[in-house]
Amino acid sequence: MEKGLSILVIFILLISCNNDHYEPAAIDNPQISLTIPSGFPELNKSVNSNRPTKYGVELGERLFNDKRLSADNTVSCSSCHIQEKAFADNNTQAMGIQNRVGLRNVPAVQNMMFMKFYNWDGNILQLESQPMIPIITHEEMGSSILEVIGKIKDDLMYKDLFRKTFGDETITPERIYRSIVQYEYTLVSANSKYDKVKRNEGVIFTENEARGYQTFQQKCAGCHSTELFTDQSFRNIGFPVNSNTNEAGRGRVTGLPEDYMSFRVPSLRNVEYTAPYGSFGQFPSLRAVLDYFDKGVLDADNLDPVLKNNGNRIPLTEQEKINLILFMKTLSDRDFVKK
């Protein structure tokens, strides 16, 4: 297992190095204008060398929904990243081909071009390095990029889209990854009730939502900050620990004891749709998460100071929990999830 992980890391590094190579789009393939919502963080630097284009996005969306990317043609990216669930799913852990169970809960795919790290442990810095991972991972698609190319190389629709996107019909691993990511870059969620209130569009919080927002600012915004509702840090917050011996959180990437079981703070946008919660779906509901914080979390040497300095808990009254959940639901973007 350790040998396999080492090989995977080498693959990721090689792809990351290659991402500096700029491949121009076809002449009649205009870039799509990127709308940056007010207050959002700066773009990940890799976006500048892989700007979404008209046909690149169309090609990427088709690949994202193509089950031929998996070994037995049963699983696509969209099988786990379901739009109605904010491009996550409702399984505790990822489910791949032949009902194989992955290590972690499926993260939502939204506002990706503003992220500094990807995955629960932040092992990916450039999104273009990500699409290969589920394709070759045994518990997910269990295939190889060469096998995928072999399946789609004679598909007339793909030939046409690769030509329109890149200027010729050649299908390469890099072109596949870049196209999928161009599509993912367009998945921007910034039209929730919260956003409309902030933009003064004639929408206001209810009394309980407003109180929930106040509690959120006092007790949650230290981690779930910025307009992404995450500070993109890695923290051990004392959640129940995955018993899988392959799990070490951020420590799996850095090898540092102080990063053991620390995970990237998830965005709370569209959190209403992405249950269960936690790195391996430890909590079935938002209420379960808040109850756990209130009662007290697991202690650890590297437990986040926010908890360590407060008796390992975030005390919440019954009404505060109700109001917090009502506020978090104002982060739901129904246009984004097509509801």
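These notebook entries record what I looked up in a predicted model.

**Entry 1: helix α7 and its partners**

I began with helix α7, which spans residues 173-185. I asked at what angle α7 packs against helix α2, residues 54-64. The angle is about 100°, and the two axes are 7 Å apart. Angles of 65 to 115 degrees count as roughly perpendicular, and α2 and α7 are therefore roughly perpendicular to each other. On the α2 side, I listed Gly56, Val57, Leu59, Gly60, Glu61, Leu63 and Phe64 as the residues that make the contact. On the α7 side, the contact is made by Ile176, Ser179, Ile180, Gln182, Tyr183 and Glu184. Sorted by class, this contact holds 7 nonpolar, 4 polar and 2 charged residues.

I then turned to helix α5, residues 145-152, which also packs against α7. Their axes come within 10 Å and cross at roughly 85°, which makes α5 roughly perpendicular to α7. From α5, the contact takes in Ile145, Val148, Ile149 and Ile152; from α7, it takes in Pro173, Ile176 and Tyr177. I found 7 nonpolar residues in this contact, with no polar and no charged ones. I noted Ile176 of α7 in the contact with α2 and again in the contact with α5.

**Entry 2: helices α9 and α13**

Next I examined α9 and α13, whose axes cross at roughly 100° and come within 7 Å. These helices are therefore also roughly perpendicular to each other. Asn208, Glu209, Arg211, Gly212, Tyr213, Thr215, Phe216 and Lys219 contribute from α9. Gln319, Glu320, Asn323, Leu324, Leu326 and Phe327 contribute from α13. I recorded the classes as 5 nonpolar, 5 polar and 4 charged.

**Entry 3: an aromatic pair**

How many aromatic pairs does a search of the whole structure find? The search returns 21. I followed up one of them, Phe205 with Phe327, which is edge-to-face. The ring centres are 6.0 Å apart, with 80° between the planes. Phe205 sits in the loop between α8 (193-198) and α9 (207-219), whereas Phe327 belongs to helix α13, residues 318-329. The pair thus links distant parts of the chain, 122 residues apart. Phe327 is also one of the α13 residues in the contact with α9.

**Entry 4: the second largest pocket**

I looked up the second largest pocket and noted a volume of about 190 Å³. Its lining includes a run of Pro41, Glu42, Leu43, Asn44, Lys45 and Ser46. Phe114, Met115, Lys116, Leu125, Gln126 and Gln232 also line the pocket. By class, the lining has 5 nonpolar, 4 polar and 3 charged residues.

**Entry 5: backbone exceptions**

Most residues other than glycine have a negative phi, and most peptide bonds are trans. I therefore noted two departures from this pattern. Asn73 has a positive phi, near 60°, and lies in the loop between α2 and α3 (77-80). The peptide bond from Ala275 to Pro276 is cis, with omega near 0°. I located Pro276 in the loop between β2 (263-264) and α11 (286-295).

Definitions and conventions:
Residues numbered from 1 in each chain as written. Predicted model: local features only at pLDDT ≥ 70, side-chain atom pairs only at ≥ 80, totals over all residues. Heavy atoms only, no water. Axes fitted to C-alpha atoms, helices over the stretch in contact; angles between N-to-C directions. Helix = DSSP H or I, 4+ residues; strand = E, 2+ residues; numbered from the N terminus. Parallel < 35°, antiparallel > 145°, perpendicular 65-115°, else oblique. Contact = heavy atoms within 4.5 Å. Nonpolar A, V, L, I, M, F, W, Y, C, P; charged D, E, K, R; others polar. 1 Å grid on protein atoms, 1.4 Å probe; cavity = no way out; pocket = protein on both sides within 12 Å on 5 of 7 lines; lining within 4 Å. Points joined across faces, edges and corners; volume = space filled by probe spheres on them. Phe/Tyr/Trp six-rings, centres within 6.5 Å; stacked < 30°, edge-to-face > 60°.
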